[in-house]
Amino acid sequence: MNMLRSYSKGIREALLRPQAAAILWIFNAAFAAIVYFVASGAVTEALGRSLAADDLLSRSNVDALFELLTGPGGALAALLTVILVLLFLFILVSPLLYGGILQDLIHPRAGGGFASSFWSGAGRHYWRFLRVLPASLVLWAPAAALYFLADRVLDALGANPLKEQLGFYLTFVRVALALFLVFLVRMIMDYARIRIVVTEGHSALGALVWAAAFVLRKLGGTLALYYGLGLTALAGSAVLLGLSSLIAKTTSPAVLLGFLLTQLHILWRSGIKVAYQGAELDFYTRTATSIK
Amino acid sequence: MRKSPLFLVAAVIALMSPARASLSRQIVRYDIQVRLAPETKSIQGREVLSWLNDADVPVSELRFHLYLNAFKNNRSTFMKESGGSHRGFKRDEENWGSIDVTRIQIKDGADLTPTLEFVQPDDRNPDDQTVARVVLPSAVKPQESVVLVIEFAAKLPRVFARSGFSGDFFMIGQWFPKIGVWSKGQWNCHQYHAHSEFFADFGTFNVEITAPERFVIGATGRRTAERKNPDGTRTLTYVQEDVHDFAWTACPDFVEYRERFALADPAVDTEMIFLIHRAHLNSKDRYVRSLRQGLEFYSRHYGPYPYGTITLVDPAPGGTAAGGMEYPTLFTSMTTSYMPAGVRMPEMVTIHEFGHGYWYGIVGSNEFEEAWLDEGINSYSEAKAMAQYYGPQASLIDYGPLRVSDIQYQRLSVIGSGRFDPILRNSWEYLNGGSYSLNVYSKASLMLLTLERYLGQETMDKIMKTYYERWKFRHPTSADFVQAAEDASGQDLKWFFDQALNSPDKLDYAVGSLASEEVDLAAGLFNGKLVTPPGAKGKGGPAVVYRNEVVIVRKGEWIVPQDILIVLEGGQTIRETWDGRDRYKRFVTFGPRRLDYAQIDPDNRWLIDADFSNNSMRLKPRPGGPRKLALKVTAWFQTLLSLAGI
């Protein structure tokens with residue numbers, strides 16, 4: 001029941017804070033804008049004023065794509081580098097956004113409007129949240145070890161080449177296990193950040209250890225909450241991406257409409273991220289008081 | 001060598017020859033008994049080989065392929081060239097392969113075993129034992145035969161390249177002492193290389209295979225006899241005329257299917273035999289359909305399939321390294337038990353490997369020295385067949401949004417690779433395996449597809465039929481293909497083949513620049529008369545004339561004639577031609593309309609062009625296409641950010 005209450009609380013909190021989702025979307029779009037210009041430059045360098053560039057609008061011109069991949073190596077290398085650098089920077093910026101959201105969830109509109117609350121939390125918690133990233137190696141390392149151990153077991157199960165189909169299905173098991181572990185670690189990191197904010201603690205490592213213990217003790221509830229929101233996110237994504245796939249993107253307006261739907265999708269995901277924070281904070285508040 | 005026994009043997013062989021007219025010159029006849037010992041992964045054999053000296057000089061030594069010795073250690077030429085891996089499969093350090101000739105003698109005559117020695121004609125690698133020679137006590141005279149009795153024992157490697165075993169699956173190729181080809185006064189008997197292994201004379205094979213009863217057997221040729229033995233084994237006899245090699249396979253988990261294939265025109269009647277591993281029975285229909293397509297396509301386009309059987313072998317899971325290989329009247333395809341229908345790998349491999357039966361099997365080209373005559377022509381044929389049966393746009397992959405044709409795939413491997421080697425070169429002299437593959441398979445195929453577009457489908461069909469008819473059951477060279485092409489087309493094509501076969505250069509023409517500028521019309525005093533620009537009818541203003549300039553550049557080394565399409569605003573078109581020789585050519589036109597775009601090779605004849613994108617240029621760019629792609633990349637990145645960060 002705690003889980004269901006927390007789920008609806010999270011959704012409610014997200015609905016009450018459209019600005020939070022908007023800020024997440026703005027950050028996402030700002031980083032993506034750089035990629036757009038670099039990608040646009042790479043495509044233009046490769047195809048320029050060629051008729052092959054026209055084709056890209058009307059159909060998938062595999063020849064043009066092949067030439068794009070095999071031709072301007074420098075431009076594509078630059079694009080890949082930009083993507084990796086921006087990804088790294090975005091991960092560094094993310095603690096800022098987590099801090100702002102949690103601050104406003106715990107102390108709504110303290111001392112003014114949402115913006116004031118959000119940015120004060122962003123600055124106040126940034127360094128502590130940033131330290132959570134390297135400290136989380138204590139979780140990633142055992143998760144990786146667990147994965148490789150399981151991988152060995154699965155290897156042994158699928159070692160007989162005559163059981164070819166089993167080997168194929170075990171690939172799905174591997175992917176599912178990897179995703180489960182990634183989500184588990186990320187969920188623990190969520191609770192660690194909540195712990196830091198609620199207790200005004202300074203030890204990232206201590207918060208992670210506490211959060212790991214908390215998640216293990218409340219494994220059913222935390223997982224149900226996490227995957228419940230995950231399914232909600234998937235449902236919305238399916239609707240938006242389904243709508244997008246209905247549009248034949250063979251004209252500039254149609255392409256633009258498709259891109260707008262993508263932005264709506266990113267906005268939806270941003271809202272869900274806010275809901276995650278709200279729901280997990282609520283779950284923490286309801287259940288963690290008994291845990292020292 | 002004594003004269004009288006040889007004459008006697010020749011006479012006996014002549015008497016034993018079948019009454020039917022041979023399709024090929026019968027240089028060899030092999031009568032082999034072989035026994036498989038699955039527990040030790042080994043075979044033991046006895047071979048009676050008759051070899052006819054078809055040349056006009058006496059021959060005093062014989063050379064043999066002992067190709068299982070390629071797997072004997074890590075210093076054989078094959079292992080050195082391949083690095084011990086093949087198509088991503090690694091050698092097994094505990095299961096080497098080898099072949100020992102325990103006795104070789106002239107039938108009822110001298111024991112040649114003491115004279116047997118290994119030779120390395122290609123690279124002088126003393127550790128390579130894939131070619132051996134024996135010295136005859138007397139030379140075999142022209143048009144005489146020698147009959148040898150050879151006893152041998154072989155250990156099979158765990159399969160990582162073509163031959164060997166995996167569990168109870170055995171693919172047994174290159175397994176017996178096989179005589180080389182006496183050609184131009186010397187032995188053409190190459191070592192086993194990473195990328196080539198086939199060149200032999202035509203003849204007849206009569207092979208008795210003994211294996212435990214539980215094994216399902218398949219082999220080159222037709223099964224003519226079967227008997228059970230008291231020791232729990234059975235012996236199957238296979239016979240095939242007019243072939244130059246023999247391979248066989250054994251596995252208890254094969255399920256055998258037989259179907260007839262018949263065509264009225266041209267007349268074909270053959271039995272298709274499918275040996276499909278239990279794990280892959282869900283691919284049966286795909287195998288059957290694609291083999292039927294291969295038989296139909298090759299019979300109609302090149303010549304009727306001449307043999308009574310064709311056997312498709314589906315390697316066991318774990319034995320995939322034996323897949324995708326050709327032998328006379330038998331080949332290995334490949335699949336997995338979860339192959340999506342839109343990924344046409346089993347179909348492509350089946351058609352390709354069956355097709356080798358024509359371009360390596362019937363037309364006996366020399367894979368060591370001119371591999372493109374087999375792989376290149378066959379890749380061309382395969383691409384044509386795949387396009388005919390699965391559509392030209394997505395003949396290879398039609399899976400979700402991904403649609404790739406066989407031809408596009410071949411082109412990708414050519415344009416994405418360095419240009420270091422020509423198509424025509426000894427197989428072991430290429431820079432590396434990648435360079436061999438792209439030249440011998442893809443570039444050679446693109447060369448033929450380009451020639452087809454240049455000459456037209458009808459002429460190309462005539463070329464291929466001429467080449468096949470002229471060289472079936474013989475040993476052609478590249479020069480013979482060029483000659484066939486020139487004869488069939490009635491054109492001098494040396495300019496084309498010289499560039500295509502003998503040079504690593506590329507073909508790349510581009511629209512270098514476009515310009516469209518208003519011309520200052522004559523105005524003022526000319527010879528004392530005032531000249532005023534004519535007014536545009538009905539509009540009152542001066543008429544506008546544009547100077548439209550198109551510069552075409554030759555970026556590659558190949559020189560080919562080019563068509564150029566110039567399109568003006570409003571759709572008016574101008575077609576120009578250029579011999580393509582200079583480094584650039586400027587085309588200038590004057591008129592009332594501005595240039596819209598220019599395009600080289602508008603009919604897309606030069607498929608081997610390295611870059612299609614630079615074949616056209618607009619005066620004013622249209623950003624829609626690049627914008628769409630850039631937005632797509634942006635959307636992917638946004639999703640990535642959303643997954644990785646907050």
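## Strands, cores and contacts in a predicted model

Strand β15 of chain B, residues 203-212, is mostly covered, with seven of its 10 residues buried. The model described here is predicted.

β15(B) has pairing partners in chain B. Strand β1 of chain B (residues 28-37) runs parallel to β15(B), and eight bridges join the two. The pairing of β15(B) with β18(B) is antiparallel and extends over nine bridges. Which residue of β15(B) is the bridge partner of B:Gln33? The partner is B:Glu208. In β18(B), B:Thr237 stands opposite B:Glu208.

The table sets out the two pairings.

| Strands | Sense | Bridges | A residue pair |
|---|---|---|---|
| β1(B) and β15(B) | parallel | eight bridges | B:Gln33 and B:Glu208 |

The largest nonpolar core of the model has 156 residues, and B:Phe170 and B:Ile209 have the most contacts inside it. Helix α7 of chain B (residues 433-455) gives the most to this core, namely 11 residues. Another core, of 51 residues, lies apart from it; among its members are A:Ile101, A:Val215, A:Trp268 and A:Ile272. Leaving aside residues up to four places away in sequence, B:Phe170 touches B:Leu36, B:Leu156, B:Phe165, B:Thr249, B:Ala250 and B:Cys251.

Chain B is divided into three parts: domain 1 (1-247), domain 2 (253-504) and domain 3 (509-621). Between domain 1 of chain B and domain 2 of chain B, the C-alpha centres are 26 Å apart. Where these two domains meet, 40 residues of domain 1 of chain B are in contact with 34 residues of domain 2 of chain B. On the domain 1 side of this contact, the elements that give two or more residues are β10 (164-166), β11 (169-172), β16 (216-219) and β18 (233-243) of chain B. That side of domain 1 of chain B divides into 15 nonpolar, 16 polar and nine charged residues.

The two chains also touch. How many residues does the contact take from chain A and from chain B? It takes 49 residues from chain A and 46 residues from chain B. On the side of chain A that touches chain B, at least two residues each come from α2 (18-47), α3 (51-58), α4 (62-70), α5 (73-106), α8 (164-199) and α11 (252-287) of chain A. The largest share of this side, 12 residues, is from α2(A). By class, the side of chain A that touches chain B has 29 nonpolar, 11 polar and nine charged residues.

Note on methods. Residues numbered from 1 in each chain as written. Chains lettered and ligands numbered in written order. Predicted model: local features only at pLDDT ≥ 70, side-chain atom pairs only at ≥ 80, totals over all residues. Core = buried A, V, L, I, M, F, W, Y, C linked by C-beta atoms within 7 Å. Buried ≥ 20, exposed ≤ 12 C-beta atoms within 10 Å, placed from the backbone. Helix = DSSP H or I, 4+ residues; strand = E, 2+ residues; numbered from the N terminus. Contact = placed C-beta atoms within 7 Å. Domains from an automatic or database assignment. Nonpolar A, V, L, I, M, F, W, Y, C, P; charged D, E, K, R; others polar. Pairing = 2+ DSSP bridges.
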